[in-house]
Amino acid sequence: MVKFYSPGCPHCQTLIGPWSKAAAELEGHVQFMAVNCRTYNALCQRFRVSGVPSIKMFTQSDDGKQRLVLDYDGPRTKAAICDYATSRVPQMVWRITPNAAGKNREIDLAGFLAKGAALPHALLLKPGLTK
């Protein structure tokens, strides 16, 4: 997530605390950055920042084929920022079923093993399941 700000902006100053706390809570899971629009005006224009503070989430589409830039316009609290950020992180948990019918987050074993072939895979086996 990227916060676009201006040093003299009172609303930007108010966001420092919640932003820093959200970044600390999600460290290692979501990257938080800040861009000073006075110093990096061209970058702010490139991402169509029309006012500060502005928060944008840089992520990928569900299929991983497109880069997305999403505007965050929710509450400026640590909890709200964390909820938004974690809701946009690609989910790495899949339910493995024998006949995955394309349901949300379901996949067959071969599909699971083929997904991200270079990444480590882990299976969590639940006792009591048959066939």
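Which residues form one aromatic cluster?

Author: Happy to! Please keep in mind that this is a predicted model. The cluster is made up of F4, F47 and F58.

The protein chain has 4 helices and 6 strands, and from the N terminus on they follow the order β-α-β-α-β-β-α-β-β-α. Of its 131 residues, 27% count as buried.

Now to the rings themselves. A pair of aromatic rings is described by the distance of the centres and the angle of the planes. The count for this chain comes to 4 aromatic pairs. In one of them, F4 and F47, the ring centres are 6.4 Å apart and the planes meet at 40°, so the pair is tilted. F4 belongs to strand β1 (residues 2–5), while F47 sits in the loop between α2 (41–46) and β3 (54–60), so this pair ties together parts that are 43 residues apart in sequence. F4 is buried, with a relative accessible area of 1%; F47 is buried too, at 15%.

Another pair joins W19 and F32: their ring centres lie 4.8 Å apart with the planes at 70°, so this pair is edge-to-face. It links distant parts of the chain, with W19 in helix α1 (residues 10–25) and F32 in the loop between α1 and β2 (33–36), 13 residues apart. Both W19 and F32 are buried.

Technical notes: Residues numbered from 1 in each chain as written. Predicted model: local features only at pLDDT ≥ 70, side-chain atom pairs only at ≥ 80, totals over all residues. Heavy atoms only, no water. Helix = DSSP H or I, 4+ residues; strand = E, 2+ residues; numbered from the N terminus. Buried < 20%, exposed > 50% of the residue type's maximum accessible area, 1.4 Å probe, protein only. Phe/Tyr/Trp six-rings, centres within 6.5 Å; stacked < 30°, edge-to-face > 60°.
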